[in-house]
Amino acid sequence: MNDQIAIPCVVMRGGTSRGPFFLARDLPADPSSRDAVLLSVMGGGHDLGIDGIGGGNAVINKVAIIGPPSVPGADVDYLFAQVRVREGIVDTSPNCGNMLAAVGPFAIEAGLVAATADRTHVRIHNVNTGKLIDATVATPGGRVTYEGEARIDGVPGTAAPIELSFPNAAGARTGRLLPTGRPVDRIGGIDVTCIDAAMPVMLVRAADLGWSGREAPPAFADGAFRGRLENLRIEAGRRMGFPDSASMVIPKPVLIAPASGATLDVRYFMPHDCHSALAVTGAVAIATACVTPGTIAAEMIGSLAPPVPITLAHPSGQLVVRLEPGPVARVQRTARRILEGHVFARRSHVPHSVLAA
């Protein structure tokens with residue numbers, strides 16, 4: 001019909017994130033060629049992704065790539081990509097637990113997993129971290145349903161619940177719960193906790209940087225503060241084993257503060273913009289820190305041990321992580337299929353090797 005490259009695509013909301021879902025077979029296998037295609041379809045090179053389907057916020061510049069399992073015991077592979085449209089970078093270093101919520105429904109409707117009556121269990125291999133995550137999807141009568149009574153803060157209305165279970169989340173990228181070997185590190189005169197459970201994060205007391213921890217996201221736009229937080233993050237990343245963290249989105253920096261009506265107030269950065277809600281993988285890491293002796297989170301709230309619910313207050317409401325012995329972390333999310341069809345990549349943006357194939 002035209003001179004562009006048409007790629008089958010489904011746009012889905014997963015938790016409080018949104019983005020295109022692709023079957024792995026529809027994208028180039030070579031990472032650099034794949035990334036060039038993703039930058040083209042998302043609108044890389046512009047703050048708003050104006051020449052693609054990306055947007056002006058990190059929560060809608062996310063991509064999920066789903067394929068057959070490459071490890072025993074999994075039903076599907078899930079590769080997550082955070083597209084930084086402004087810089088024209090595709091980062092596959094982290095996982096995304098919100099987009100993860102839509103992997104199960106997508107895989108079932110794509111025919112990769114057979115639905116069962118009432119509920120279908122999908123074991124997902126996250127290629128980014130090598131971890132296995134269990135998703136339970138509502139499938140009454142053997143078909144995916146999106147309508148339901150579950151509500152998550154940060155998304156209007158209600159939908160069918162999707163339960164995500166993260167067994168043995170520790171060491172998702174570094175292989176260690178405490179990558180520096182300590183529950184507290186001091187960087188530039190500031191105490192931080194570097195912890196890796198589902199997502200590598202750097203926890204900082206909000207008060208130590210002059211904040212209450214209850215501010216709305218736009219309050220953190222101050223350039224001097226962002227520069228200070230980024231310097232802390234880069235040094236924390238170096239100590240966690242990421243020497244090039246300046247060009248990566250991990251570790252994620254998190255401000256924490258004592259809360260009323262919740263375990264903690266948290267402000268989660270992605271890594272430069274404050275999240276309007278909270279990343280699921282980040283929530284698992286923060287909750288795990290709450291039950292890890294010696295961390296600044298544990299010191300702030302006192303002694304806790306699984307089984308215990310950890311309630312994290314974020315800018316849009318609250319997110320509950322249920323920690324159980326095992327260890328296992330459980331989170332309830334919702335998802336919705338929004339659009340399906342083809343998205344177009346510009347031929348001038350795609351390597352000749354892809355065009356020849």
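This is a predicted model: local features need pLDDT of at least 70, side-chain atom pairs count only at pLDDT 80 or more; totals for chains, interfaces and linings use all residues.

Reader: What makes the largest set of 88 residues a nonpolar core?

Author: The term requires buried nonpolar residues joined through side-chain atoms within 4.5 Å. The largest such core has 88 residues, and those with the most contacts inside it include F21, Y78, F166 and L255. Its largest share, eight residues, comes from helix α5 (residues 280-290).

Reader: Which residues does F21 touch?

Author: Leaving out residues up to four places away in sequence, F21 touches C9, V10, M12, A64, I66, M99, A102, V103 and F106. Another core, of 21 residues, lies apart from the largest one, with L39, M42, A81 and V343 among its members.

Reader: Why is the pair of W211 and F225 called edge-to-face?

Author: Ring centres must lie within 6.5 Å for a pair, and planes over 60 degrees apart count as edge-to-face. The centres of W211 and F225 are 5.1 Å apart and their planes meet at 70°, so the pair is edge-to-face. W211 lies in the loop between β11 (199-205) and α4 (223-240), and F225 in helix α4, 14 residues apart. Both W211 and F225 are buried.

Reader: What makes the pair of F220 and F225 tilted?

Author: Planes under 30 degrees apart count as stacked and those over 60 as edge-to-face, the rest being tilted. F220 and F225 have 40° between their planes, at 5.7 Å centre to centre, and the pair is accordingly tilted. Ring pairs link W211, F220, F225 and F269 into a cluster.

Note on methods
Residues are numbered from 1 along each chain as its sequence is written. Side-chain values use heavy atoms; hydrogens and water are left out. Buried means under 20% relative accessible area, exposed over 50%, partly exposed in between (1.4 Å probe, protein chains only). Helices (H or I, at least four residues) and strands (E, at least two) are DSSP runs, numbered from the N terminus. Contact means heavy atoms within 4.5 Å. Rings of Phe, Tyr and Trp (its six-membered ring) pair if their centres lie within 6.5 Å; planes under 30 degrees apart count as stacked, over 60 as edge-to-face and the rest as tilted.
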